[in-house]
Amino acid sequence: MIGRLYGVGVGPGDPELITLKAYEVLRIVDVVCAPKARADRPSRALEVVRPILHDTGRIQEVTELIYPMIRDLSVLEAFWERNSESIVSKLREGKDVAFITMGDPMLYSTFIYTYRKVREKLPEAGIEVIPGVTSLTACAAASKLPIAEDDETVALIPSTAEMEKVKGLAKHADTLIFMKGVKNLWELSKALIECGFGESSIVVMVKGYGTAQENVKFGSLGELHRWNSEDTYLSTLMVKRCTV
Ligand SMILES: C[S@@+](CC[C@H](N)C(=O)[O-])C[C@H]1O[C@@H](n2cnc3c(N)ncnc32)[C@H](O)[C@@H]1O
């Protein structure tokens with residue numbers, strides 16, 4: 001009998017934001033796979049679920065899988081391949097596996113590449129995704145800045161996007177949400193102003209939501225270029241359109 005793979009979203013960092021369904025899955029699986037960027041760093045997702053694992057009264061197998069933060073696709077492919085192979089071998093042993101991921105598994109998550117490979121290698125395995133509270137909904141909650149209301153539109157933009165693409169989206173969206181860190185704030189503010197975002201548009205940067213370093217910073221687009229963009233990987237930036 002082949003095991004089942006669960007992609008489990010563990011939310012933005014506060015263990016109380018883990019869903020009941022994720023909690024139940026974590027209690028029943030045989031193996032927990034936790035992604036992390038480097039061998040010498042802890043897995044953030046594992047830190048979040050550790051209290052639950054201790055609570056189960058069972059000793060579950062925990063495997064940490066390395067997903068380096070690099071952009072070289074051929075190197076990344078090799079890691080995805082190795083990690084999915086290790087999951088497939090557990091599933092073949094009949095073990096149920098939870099792949100835990102920060103926020104939601106289907107939003108900019110390493111689970112996406114992994115489950116595609118697992119599906120290729122072992123099409124008969126059942127795969128289930130347990131959604132999680134995303135960092136963007138957590139950031140809206142922390143700042144009380146709505147993501148969208150009435151007929152507003154929203155664009156979700158990774159910091160790796162080309163400025164031309166950002167401008168294209170900015171022309172049509174009322175709320176812009178930047179993830180995976182922020183950079184070039186001077187160039188970004190100038191581009192957004194050119195696209196019709198007024199200088200008084202509200203900006204909020206939420207850093208490390210749910211962690212001891214949590215910080216919520218408010219301001220206006222006109223002053224964004226003066227903000228510090230260093231060490232912002234764990235930050236989400238929201239910009240809300242105002243025409244003046
Ligand atoms: C690889 S993406 C993962 C997104 C995740 N799957 C989700 O659903 O939120 C990582 C980005 O999520 C955002 N993020 C993750 N955790 C955060 C937190 N605790 N506070 C603020 N932003 C966070 C940051 O923009 C970070 O660069």
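The shell around the ligand comprises, by class, 10 nonpolar, 12 polar and 2 charged residues, where Ala, Val, Leu, Ile, Met, Phe, Trp, Tyr, Cys and Pro count as nonpolar, Asp, Glu, Lys and Arg as charged, and the others, Gly among them, as polar. The model is a predicted one, in which local features need pLDDT of at least 70 and side-chain atom pairs count only at pLDDT 80 or more, while totals for chains, interfaces and linings use all residues. Residues are numbered from 1 along each chain as its sequence is written.

**Ligand shell**
- The ligand is surrounded by 24 residues, the closest being G103, T134, S135, M179 and Y209, and a residue is near a molecule if its C-beta atom, placed from the backbone, lies within 6 Å of it.
- Two or more residues of this shell come from each of α5 (135-143) and β10 (235-240), with helices (H or I, at least four residues) and strands (E, at least two) being DSSP runs numbered from the N terminus.
- Domain 1 (5-130) and domain 2 (135-240) each supply at least three residues to the shell, the domain bounds coming from an automatic or database domain assignment.

**Domain arrangement**
- The centres of domain 1 and domain 2, taken over C-alpha atoms, are separated by 29 Å.
- The contact involves 6 residues from domain 1 and 8 residues from domain 2, two residues being in contact if their C-beta atoms, placed from the backbone, lie within 7 Å.

**Sheet**
- An open sheet of 5 strands runs in the order β3-β2-β4-β1-β5 with parallel pairing, where two strands pair if DSSP finds at least two bridges between them.
- Its edge strands, each pairing on one side only, are β3 (61-66) and β5 (127-130).
- Strand β2 (residues 31-36) pairs with β3 in the parallel sense over 6 bridges, and V62 in β3 is the bridge partner of V32.
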